[in-house]
Amino acid sequence: MPLPYPTIIPGLRSPAEQVNGLVYFGRMLDKIRLAAAGKLPEGWQPMRGAVKGAFDGRCCEFLQLDYAALEAETLKGRKSDAELLEWAFAHGRRPSETEIEVWNAFMLKRGWRDAGTQRLNERLAEIGLPPGTVQTMFEFIDVDEGRLKVDAAQ
């Protein structure tokens with residue numbers, strides 16, 4: 001039996017939305033805040049943080065940033081997302097414009113003809129959609145969370 005979707009979580013933005021030109025970072029901040037407020041699904045907890053291969057972990061690795069430190073700073077509640085990104089650059093590293101361009105392209109295309117394709121197809125099957133319904137993990141997330149509509153008869 002497929003899992004029900006969409007999973008609507010108010011306050012959780014698309015992974016493709018950018019904070020000062022960087023995809024995914026804002027979503028990670030949303031997840032931190034929502035988890036602290038008890039509004040993130042329990043099944044999502046294991047993939048939060050510095051989990052190797054998960055998007056939070058990849059983002060922290062890209063920024064050479066300690067997730068726990070980012071979480072603590074975020075939960076202080078005194079900084080905007082843009083200020084938190086600047087804090088991340090100061091406590092990790094500041095990628096060049098080219099590195100950010102490569103990061104964004106990698107993340108936006110993850111699951112399309114790469115090592116993530118199998119996992120993308122598994123996630124599609126979990127919600128009862130056939131392989132190829134969407135081409136990337138970001139698209140899957142947007143389908144799963146109701147931001148992107150697809151024809152289930154594909």
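**A pocket and its aromatic neighbours**

Helix 7 is the top contributor to the lining of the largest pocket, giving 4 residues. Keep in mind that this is a predicted model, where local features need pLDDT of at least 70, side-chain atom pairs count only at pLDDT 80 or more, and totals for chains, interfaces and linings use all residues. Residues are numbered from 1 along each chain as its sequence is written, and side-chain values use heavy atoms, with hydrogens and water left out.

The largest pocket has a volume of about 730 Å³. Its lining counts 26 residues, and Met47, Arg119, Arg123, Met137 and Ile141 are the closest to the centre. Sorted by class, the lining has 12 nonpolar, 4 polar and 10 charged residues.

Now for the rings. The structure holds 3 aromatic pairs (ring centres within 6.5 Å; planes under 30 degrees apart are stacked, over 60 edge-to-face, the rest tilted). Tyr24 and Phe55 are edge-to-face, because their ring centres are 5.7 Å apart and their planes stand at 75°. This pair links distant parts of the chain, with Tyr24 in the loop between strand 2 (22–23) and helix 1, and Phe55 in helix 2, 31 residues apart. Tyr24 is buried (under 20% relative accessible area) at 2%, and Phe55 is buried at 13%.

Phe62 and Trp103, in turn, are stacked, 4.7 Å centre to centre with 10° between the planes. Phe62 sits in helix 2 and Trp103 in helix 5 (residues 97–109), so the pair ties together parts 41 residues apart in sequence. Trp103 is buried too, with a relative accessible area of 6%.

Conventions:
1 Å grid on protein atoms, 1.4 Å probe; cavity = no way out; pocket = protein on both sides within 12 Å on 5 of 7 lines; lining within 4 Å. Points joined across faces, edges and corners; volume = space filled by probe spheres on them. Helix = DSSP H or I, 4+ residues; strand = E, 2+ residues; numbered from the N terminus. Nonpolar A, V, L, I, M, F, W, Y, C, P; charged D, E, K, R; others polar. Phe/Tyr/Trp six-rings, centres within 6.5 Å; stacked < 30°, edge-to-face > 60°. Buried < 20%, exposed > 50% of the residue type's maximum accessible area, 1.4 Å probe, protein only.
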